[in-house]
Amino acid sequence: MSGFQPQNKMGRKGKAVRALLLATTVFALSRPTLLCAQEAELRGEVSESTILDDQQYKIRQTSMAGTQAAQAAATPNDNTPLPTYRPASQGALPDDGTGEAAATGGTFDPPAASGDPFPDNPAPPRRRPSATRAANAANAEAETADSHTSKRTATAATTNDTDTAAIDEQDTANRRAVTIDSAERLRLDPGAERTEAIEGQNKKNEDDPFAATGIKLGSFVIRPTLEQGLTSSTNADSSSLGKPALLSETTLRFNAVSDWRENSATVEGYGIFRETLSGYDIHEAQGRVDGTLNIDLDNDLRAIAKLGYEAVPESASAPDAVVGAVGQPVRQTVNGSLAVEKDAGKMRFALTGAVEHDVFGDAKLSSGGSLSQKGRDSTLYTAILRTGYEISPAITPFTEIEIGRRAYDLRVDPNGFQRSSTRLGARAGVELDLREKLTGEFSVGWLREAIDDDALPAISGATVNADLKWSPERGTTIGLTAQTTAENTTNAGESGSMLYSGSLTGERQIRANLTGNAALGLEWRDYTGSDDHDLTLSAEAGLTWWLNRYTGLTTRARTEKLTSNLVGRDYTANSIFVGLKLQR
C-alpha cells in the first residue's frame with residue numbers, strides 16, 4: 001500500500017497540471033493578446049472573408065476543447081495521453097505535442113510559447129463539470145456562435161456588396177468627372193487656352209480648289225491665264241475660199257478686281273494670236289480690254305463708268321469684207337459710257353450716255369497694194385433712259401428709251417452717199433435676281449436707224465436682248481445671251497442689215513479638277529431693202545483637266561456652218577484645239 005500511494009498522488013498531480021494547461025489554452029483562444037492585435041494591424045488591411053474564416057476556426061477550436069474536457073472528466077484515472085491534433089484545413093501546422101498548433105491556429109492568435117508556462121507553480125485542481133453538462137454547454141455555445149456567425153456573415157456580405165457597389169459607382173463618377181477631356185471643357189483664361197497646330201486646324205473647304213488665287217498688285221488682285229496649243233482647221237479663215245491649216249494659237253486673258261472698302265473697279269481683257277504652221281497662210285492678232293468703275297454718291301446715287309478698247313481684223317465672211325484681199329482691214333473700236341442710277345422707294349431710274357468710235361485700217365490686196373477703208377470710220381452717240389419698278393427683290397420690270405446719232409468722218413462716202421443716221425429705239429423687259437439660281441435680264445423692243453440720204457432705206461427691226469445665267473444645281477451653270485445689232489455698210493446702194501445673234505452655253509464641274517463646257521450658237525442676218533439673209537449655226541464642246549491649281553490640259557472641238565441666199569457666201573469650218581493652260 002505504501003508503494004501505491006505515492007503513485008496515485010503523482011497521477012492526480014499530472015491530471016491537475018493537464019487540466020490547467022487546457023484551461024489556459026482555451027482562455028488564449030477566446031481572447032487574443034494585444035501584441036497579436038498589433039501584429040495583425042501591422043500586416044495591413046484584412047479582408048472580410050479572412051475575418052469570417054478566423055471566427056469559424058475559433059468556434060471549432062472551442063468545441064474541440066469542450067469535447068476534450070468532457071473526455072478527461074469521464075476517465076479520471078486514465079493516464080493515456082490526449083489524442084493527437086488533426087488539422088481541419090490543408091496547410092495547417094501539425095501538432096508536435098507541445099501545444100503549438102493550438103496556440104498558432106488562428107489568424108489573430110499570438111505565437112505559442114516554447115516549454116511549460118507554469119513549471120514551478122501548478123494551479124490547484126478545480127472541480128470539473130460532468131461530461132454530459134460540459135458537452136451540452138459546448139454544443140450550445142457552438143450553435144449560438146454558428147447562428148451569430150451566419151447573421152454576421154449575411155450582414156457582412158450585404159454590407160460588403162453595398163459598399164462595393166457604392167465604391168464602384170463613386171470610382172466611375174470620379175473617372176467620368178476627372179479626365180483630360182473634361183478639363184478642356186472648363187472655362188479658362190483666354191490667354192491660357194491651348195492652340196491647335198497649324199496643320200491640324202479646321203479649314204473651310206474651298207468651293208473651287210483649282211481656282212486661280214491671283215496676284216496681289218497694290219489694291220488690285222490680278223488673275224492672269226495663258227493658253228497655248230495647236231489648232232487644226234478645215235477652213236482657216238472661215239470663208240467660202242478658205243483652206244485647211246495647222247495653226248499655233250496663243251490666248252492671254254486677265255482679270256483684275258479692286259480691294260477697296262466702298263467703291264469698286266474691275267479691269268479685264270484678252271489677246272489671241274494665230275500663226276500658220278502649215279497650210280493656208282494666216283497671221284492674225286486681236287484683243288480687247290475693258291474697265292469698269294463703280295462709285296457710290298450721296299442721296300442714294302450710284303455712278304458707273306466704263307471704258308473699252310478693241311482691235312480685231314474684219315471677218316472674211318462679213319458683208320463689207322474686201323473680196324480678193326489677202327489681209328482684211330483691222331477694226332479698232334474705242335467706247336466709253338457713264339451711267340447714273342437712282343433708287344426712290346421701289347422705283348429704279350438710270351440714265352446712260354455712251355460713245356463708240358470705229359476706225360478701219362487698210363485692206364491688203366493680193367497684188368501687193370492696199371485699199372483704204374477710211375470711208376467707214378464713224379462715231380455713235382447714244383443716250384438711254386431706263387425706268388423700273390421693283391415688284392419684289394427678285395423681279396423688277398423696266399422700260400428703256402434710246403436715242404442716238406451716228407456720224408461718219410466723211411460726210412459723203414466715196415460712192416456719193418450720206419451715211420450718217422439718226423437712231424431711235426424702245427425696249428421693255430424684266431430684271432431677275434434669284435441670287436444663285438437665276439440672274440440677268442431679258443427684253444424685247446424695236447430699233448430704227450434712219451439714214452440721212454433719202455435714197456437709202458432706214459435700218460429697222462424688232463430687237464431681242466438677253467443676258468441670263470441659271471444654275472440648276474451646284475457646279476452647273478447655264479447661260480443664255482441674245483443681242484440685236486444694226487449693221488451699217490458702205491456698199492453702193494445698200495443701207496445695211498439687222499443681225500440677231502444668240503448663244504446657249506453650259507458649264508459643268510464634273511470633278512474638282514475636271515470641267516466640261518459646251519455652246520450652241522445662232523446668227524441671223526436680215527439685209528435691209530431685200531430678201532437676202534444669212535444663217536450661221538455653230539456648236540462647240542470642250543474639257544479642261546487641271547493637273548494642279550496652276551496647270552491644266554484643255555481641248556475643244558468646234559463646227560460652224562453658214563448658209564446664205566447670196567452667191568459665194570456659204571462655207572463650213574471644223575476645227576479642234578489641244579493645248580496647255582496656265583493660270584495664277
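Student: OK, buried means under 20% relative accessible area, exposed means over 50%, and partly exposed is in between. Where does F220 fall?

Tutor: This is a predicted model, to start with. F220 has a relative accessible area of 22%, so F220 is partly exposed.

Student: What does the whole structure hold in the way of aromatic pairs?

Tutor: The search turns up one aromatic pair. F220 and W260 make it up: their ring centres are 5.7 Å apart and their planes sit at 80 degrees, so the pair is edge-to-face.

Student: Why does that angle make it edge-to-face?

Tutor: Because planes over 60 degrees apart count as edge-to-face.

Student: Where do F220 and W260 sit in the chain?

Tutor: F220 is in strand β2, residues 220–233, while W260 is in the loop between β3 (245–258) and β4 (264–279).

Student: Let's zoom out. How many helices and strands are there in the protein?

Tutor: Six helices and 22 strands.

Student: What share of the residues is buried?

Tutor: Of the 584 residues in the protein, 28% are buried. The protein exposes about 36,700 Å², and carbon and sulfur atoms supply 57% of that.

Student: Switching to charges. How many salt bridges are there?

Tutor: The count comes to 28 salt bridges. One of them joins the side chains of R556 and E227, at 3.1 Å from N to O. R556 is in strand β21 (residues 551–564) and E227 in strand β2, 329 residues apart, and the pair links distant parts of the chain.

Student: How accessible are R556 and E227?

Tutor: R556 is partly exposed at 22% relative accessible area, whereas E227 counts as buried at 10%.

Student: What does D534 pair with?

Tutor: D534 meets R569 in a salt bridge, 2.9 Å from N to O. D534 lies in strand β20 (residues 533–546) and R569 in the loop between β21 and β22 (571–583), so the pair ties together parts 35 residues apart in sequence.

Student: Are D534 and R569 buried or exposed?

Tutor: D534 is buried, with a relative accessible area of 1%. R569 is buried too, at 15%.

Student: And which residue does R558 bridge to?

Tutor: R558 forms a salt bridge with E540, and their closest N and O atoms are 3.2 Å apart. R558 is in strand β21 and E540 in strand β20, so this pair ties together parts that are 18 residues apart in sequence. R558 is partly exposed at 32% relative accessibility, and E540 is partly exposed at 22%.

Student: Which residues are linked in a network of salt bridges?

Tutor: R386, E400, E402, R406, R423, R427, E431, E441 and E449 are linked that way.

Student: What else does R386 do, over a ring?

Tutor: R386 lies over the face of F398, 3.6 Å from the ring centre.

Student: And which ring does R376 lie over?

Tutor: R376 is over the face of F360, at 4.0 Å from the ring centre.

Definitions and conventions: Residues numbered from 1 in each chain as written. Predicted model: local features only at pLDDT ≥ 70, side-chain atom pairs only at ≥ 80, totals over all residues. Heavy atoms only, no water. Helix = DSSP H or I, 4+ residues; strand = E, 2+ residues; numbered from the N terminus. Buried < 20%, exposed > 50% of the residue type's maximum accessible area, 1.4 Å probe, protein only. Areas by Shrake-Rupley, 256 points an atom, 1.4 Å probe, with all protein chains shown as cover. Phe/Tyr/Trp six-rings, centres within 6.5 Å; stacked < 30°, edge-to-face > 60°. Lys NZ or Arg CZ within 6 Å of the ring centre and 35° of its normal. Salt bridge = Lys/Arg side-chain N within 4 Å of Asp/Glu carboxyl O.
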